[in-house]
Amino acid sequence: MTSNLSIYNRKVRTSDQVLKGLIYLAAAAAISLLVGIMGYVFIRGLPQLSWQFLSTVQSARKGTFGILGNIVNTLYIIVITLIIAAPVGIGSAIYLNEYAKPGRLVRTIEFTTEILSGIPSIIFGLFGMVFFGTTLKLGYSVLTGSFTLTLMVLPLITRSTQEALKTVPDSYRFGALGIGATKWYMIRTILLPSAAPGILTGIILSIGRIVGESAALLFTAGSGFQLPKSLFGKLFESSGTLTIQLYLSMQKAKYDQAFGIAVVLLIIVLGINLLTKYLTRKFDVTRLQ
């Protein structure tokens, strides 16, 4: 005899249906908004894309406009920022999660990290301009912008690495230490490979924030658009990224140029998200094997 309490005999309440409908409506509104924004940007910006647009720099003498210099500047700032921020962020997370004893110091560091992640980027830009640009006499340059962005993405890398390390079962740690492995050997050969998907996700999300940043870089990296004359000489030159050039084009009411740059930025951001999913899935498959 079937019980009346069976889930098959339960009546569907009207309130549940209403709530389910509201959830679907909210999801549809969010997706529609995203598709609408991206569609409008692509419709306005795609006609502006050309080989000349992507492979040249702007020239008042020739009357041409291109964003190659801004693309190179963006790549410079991404690479330099990650070279500094990734080792520091991952190392800090390893210390907090594996070496530091839980207590007031760890709580203070984690609280400070969360505070840093919530500070408006314009304040980072002001600090970077005063400290790195003026006090250290780096001026408007790639280094000034990269040092400033390092402060901005460190909390993201640190927290994502911490969460990734926490997902590794304690049995991995106890098993490695139980067979005589040193703690650093255990971290290097077991914990970090196991937590690699989460760490990599944090780093790639940091790249997305670097690519999309404008306020801080406007105060620190400047708006230069020329191609570098040497590999390391560019580090000390004013270097405007794609977002800075987008801002300047909008300021000058050159909307076609701005939408063209916006399309390039959207493609980069979409590529970063797809790369994140691909690498995370690949690491998960490799780990399961």
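Reply: Start with residues 190-211. That stretch is 100% helix and 0% strand. Its end C-alpha atoms are 32 Å apart. Bear in mind that this is a predicted model.

Me: What does UniProt call that stretch?
Reply: An unreviewed UniProt entry gives residues 190-211 as a "transmembrane region". The entry also places that feature at other spans, including 21-43, 75-96 and 108-132.

Me: Take 108-132. How much of that span is helix?
Reply: Residues 108-132 are 92% helix and 0% strand. The end C-alpha atoms of that span lie 26 Å apart.

Me: Which domain does UniProt list?
Reply: The unreviewed entry lists "domain: ABC transmembrane type-1" at residues 71-276. In the model, that span is 78% helix and 0% strand. Its end C-alpha atoms lie 21 Å apart.

Me: New topic. What's the average pLDDT?
Reply: The chain averages 86, and 93% of the residues score at least 70.

Me: Now a single residue. Where does Thr-148 lie?
Reply: In helix H6, which covers residues 142-166.

Me: Is Thr-148 buried or exposed, and why?
Reply: Buried, because its relative accessibility is 1%, and the cut-off for buried is under 20%.

Me: What does its side chain reach?
Reply: The side chain of Thr-148 reaches the backbone oxygen of Thr-144 at 2.8 Å.

Methods: Residues are numbered from 1 along each chain as its sequence is written. This is a predicted model: local features need pLDDT of at least 70, side-chain atom pairs count only at pLDDT 80 or more; totals for chains, interfaces and linings use all residues. Side-chain values use heavy atoms; hydrogens and water are left out. UniProt positions are given in the numbering used here, feature names are shortened, and annotations may be inferred rather than shown by experiment. Helices (H or I, at least four residues) and strands (E, at least two) are DSSP runs, numbered from the N terminus. pLDDT is the predictor's confidence in each residue, from 0 to 100. Buried means under 20% relative accessible area, exposed over 50%, partly exposed in between (1.4 Å probe, protein chains only). A polar contact is a pair of N or O atoms within 3.5 Å; within protein, one must be able to donate a hydrogen and the other to accept it, and residues adjacent in sequence count only if both atoms are side-chain atoms.
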